[in-house]
Amino acid sequence: MKIIKNIFLLPLFIITFFSCEKKESVVQDEIVEILPENKLPQVVINTNGSGIVDEPKIDAQMTITVNEQIDYEGGIGIEIRGSSSQFFPKKQFGFETRDAANEDVNVSLLGFPEEEDWILYAPYSDKSLMRNMLIYDLSREIGRYTSRAKFVEVTINGWYNGVYVLMEKLKRDSNRIDINKLKVDENSGEDLTGGYILKIDKARGSNEFSYTSTNSITSAYNPNHANSGQKIHFLYDTPDEEDITTEQKTYISNYLASFENALAGTNFTNPTTGYATYIDTQSFIEFFLLNELSNNVDGYRLSTWLTKDKNEKLKMGPIWDFNLAFGNADYCSGGATNVWAYKFNERCPQDFWLIPFWWERLLEDPAFVSQLKSRWTELRSGAFSNTAILQKIDAYTETLTLSGGIQENFQKWRVLGQYVWPNNFVGNTYAEERNYLINWINDRISWLDTEISRL
């Protein structure tokens, strides 16, 4: 790979040269080799001639190098993952690390805590390459765990496949979603109270609309503004539908029902008998602010995780899957900076996946609104300040530029200047994509400053 000399001096401008034109038309300055320390971690996968499919995982070998030193070398099981992203030619993958006996084994990758389940996320429609990275870093910075993530470059069977993000798969683990491990024989008393992980999401399997009493809980409350009889479903994740016991199903179903009944009730604002009895309010507030900061068009209704630990209240999060956020969707006002994400149902009442009534109701509680305003003000002077966010974007840009990752990725995937569903903006260069993201965020924050003060 090659890169322009003196890139350190012009990190925000030099990338204007990068586009999906041929390499010789891109470079206008002295060419030098990329320094080893500037290269992204290299992930090299060999499937021994087998094609990677959407389950089951196939056997493969993987080597990860950092600064040309081996970080991991060994077996993996790998499969294509994702829903709508599977239609993109640049596939994303889920993989598990395996030992010499082909058994799952916990390992540390790129300095992350040891685990066996990992994800190679493939930014494709997100031509900034950084939307998920940005929101995940912001979430962890404000004290809300979500997947640790690092940029890498992936090569499969000798073919360069572009810039990816190596991420932790969200799951119960002391270093990931740190909740109690609920065993099959824990069916009474305080043992029964946690931990549970639920999801509001598309159904698993070949039919993403298939919700049953076996795989999910159906809310008794229809989503606001629904015009086609849509329902809200909470999928069992941990324990999953195969492992959860009848007693555990009954407990978590009743807990959710009690919360929703309290929230819908006439005394819902009562701090001791209302909804606050059932939820960790701070987690709901911060989940709300992360989704609103980015106007996540999928927010609250897809890729939405909830946890209930032993003897604790229901919590929102971790956040997940923001590739269509920050103005990267051209439907249901996903590209707008001046709408509330939680009011998605008003704009698209025909969509199959709608948002629970929770958020509109919570914002009717003066105590909730007061806490939300205070937290927004606090974050605006820190992690959510324009300067702090721009510094993160600049750091990602420098990393991707110095490594040659931007240039190489868009020579492989020639999507600059091309519409890729569901782009709200199509830039002809990487710099235009990056500047759109920055301008969008600045406009969004300005609008939120005003509108949150008016709640």
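The model is predicted: local features need pLDDT of at least 70, side-chain atom pairs count only at pLDDT 80 or more, and totals for chains, interfaces and linings use all residues. Residues are numbered from 1 along each chain as its sequence is written, and side-chain values use heavy atoms, with hydrogens and water left out.

**Gln-230**

- Gln-230 sits in the loop between β11 (216-218) and β12 (233-238); strands are DSSP runs of E with at least two residues, and helices are runs of H or I with at least four, numbered from the N terminus.
- Gln-230 is buried, at a relative accessible area of 5%, because buried means under 20% (exposed is over 50%, partly exposed in between; 1.4 Å probe, protein chains only).
- The Gln-230 side chain also reaches the backbone oxygen of Pro-349, at 2.7 Å.
- Beyond neighbours within four places in sequence, Gln-230 is in contact with residues including Asn-222, Pro-223, Gln-350 and Phe-352, where contact means heavy atoms within 4.5 Å.

**Nonpolar cores**

- A nonpolar core is a set of buried Ala, Val, Leu, Ile, Met, Phe, Trp, Tyr and Cys residues joined through side-chain atoms within 4.5 Å.
- The largest core has 102 residues, of which Phe-284, Trp-358, Trp-359 and Phe-384 touch the most other members.
- Helix α10 (residues 430-454) gives the most to this core, with 10 residues.
- Another core lies apart from it and has 25 residues, among them Ile-58, Met-62, Leu-120 and Leu-166.

**Cavities**

- The whole structure holds 4 cavities of 30 Å³ or more.
- A cavity is a set of points on a 1 Å grid over the protein atoms alone where a 1.4 Å probe fits but cannot get out, and lining residues have an atom within 4 Å of a point.
- Points are joined across faces, edges and corners, and a volume is the space filled by probe spheres set on them.
- The largest cavity has a volume of about 70 Å³, and its lining includes Ile-200, Tyr-211, Arg-301 and Trp-353.
- That lining divides into 6 nonpolar, 1 polar and 3 charged residues; Ala, Val, Leu, Ile, Met, Phe, Trp, Tyr, Cys and Pro count as nonpolar, Asp, Glu, Lys and Arg as charged, and the others, Gly among them, as polar.

Definitions and conventions
On a 1 Å grid over the protein atoms alone, a cavity is a set of points where a 1.4 Å probe fits but cannot get out, and a pocket is an open set with protein on both sides within 12 Å along at least five of seven lines; lining residues have an atom within 4 Å of a point. A polar contact is a pair of N or O atoms within 3.5 Å; within protein, one must be able to donate a hydrogen and the other to accept it, and residues adjacent in sequence count only if both atoms are side-chain atoms.
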